[in-house]
Amino acid sequence: MAPKTGYLDKAGHPHIKIRVWGLSPNFSQEFEAMIDTGFSGFLMLPLVQALPLALTLFGTTQYELADGSMSPKLLAHGSIDHEGEVTSGLIALEANANCGPLVGMEFLRQSKKLLLLGRNVVMLLDEPPVTAEDVPIDPQEPPPAEPVDSK
Amino acid sequence: MNVPLNNPKAIAEAGERIYKEKFQAAFEAAHLGDYAAINVGKETAFVGTTPEGAFELARKDDPQGIFHLVRVGYAGAFQLSYQYGRDGTQDWLFG
């Protein structure tokens, strides 16, 4: 897959363009979502922007904010299309209309993407498979023990 | 129990209370890090390794149920570094 691209806003926060919908892509709308690696969820949208998307409402949950306080949110199910790749997950609905859309770590996990940030570039690259040979070995660590024959 | 089902904040509070009273101790011993969907009407709970998995089991049991999601062993099901939503104004949604 070709790398997916995004951009940095004036404050230096990474953003990507996504399309979001619930029951059918016919209800999809485009958003410019900030990538927030401190957000463990899939997507958060302001409720007023989520209403036209025909999301499936699932229930409620509590979000833990950075200061340790809790914030109740409605949870819905929907899909994200980012440059032709579609993922689905739980979408938190935020009452504060002033917040912008956020994609979080669950979006990156489901997309199987690496986030690459530079001074002027935001890229999402395919996550390479990691094999045992790729894992660095600590030279100070003793070699693994040989199997012992119990007979 | 009477949970005002037109108030998301009240549903979340009821879900947290039911979880703490009936399920937290047992789930933290056996399902740490998993997700639990709490049916706030029937006071039942379903555990899954993913949020979607927990909801799927819960909805299979009660398609009309109202559910609250918790992550076993965590204060919140998700963490958020931004400070959105600190005002707790979700009451206005349907109230």
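Trainee: What average pLDDT does chain B have?

Mentor: This is a predicted model, in which local features need pLDDT of at least 70, side-chain atom pairs count only at pLDDT 80 or more, and totals for chains, interfaces and linings use all residues. Residues are numbered from 1 along each chain as its sequence is written, while chains are lettered from A and ligands numbered from 1 in the order in which they are written. In chain B, 80% of the residues score at least 70 in pLDDT, the predictor's confidence in each residue, from 0 to 100, and the average for the chain is 85.

Trainee: Over which residues of chain B is the pLDDT below 50?

Mentor: Where pLDDT is low, the predicted coordinates should not be read in detail. Beyond near neighbours in sequence, the stretch in question has 23 contacts in the model, a contact being two residues whose C-beta atoms, placed from the backbone, lie within 7 Å. The stretch with pLDDT below 50 is residues 85-95 of chain B.

Trainee: Which element supplies the largest share of the side of chain B that touches chain A?

Mentor: The contact takes 30 residues from chain B and 26 residues from chain A. On the side of chain B, α1 (8-30), α2 (51-61), β3 (67-71) and β4 (78-80) each supply at least two residues; helices (H or I, at least four residues) and strands (E, at least two) are DSSP runs, numbered from the N terminus. The largest share, six residues, comes from α1(B).

Trainee: Which residue is the bridge partner of E64(A) in β4(B)?

Mentor: Strands pair if DSSP finds at least two bridges between them, and strand β5 (residues 56-65) of chain A pairs with β4(B) in the parallel sense over three bridges. Within β4(B), the partner of E64(A) is Q79(B).

Trainee: How many residues of strand β6 (residues 70-82) of chain A are buried?

Mentor: A residue is buried if 20 or more other C-beta atoms lie within 10 Å of its own, exposed if 12 or fewer, and partly exposed in between, with C-beta atoms placed from the backbone. Strand β6(A) is joined to strand β7 (residues 85-94) of chain A by nine antiparallel bridges, and to β5(A) by eight, also antiparallel. This strand is mostly covered, and of its 13 residues the number buried is 10.
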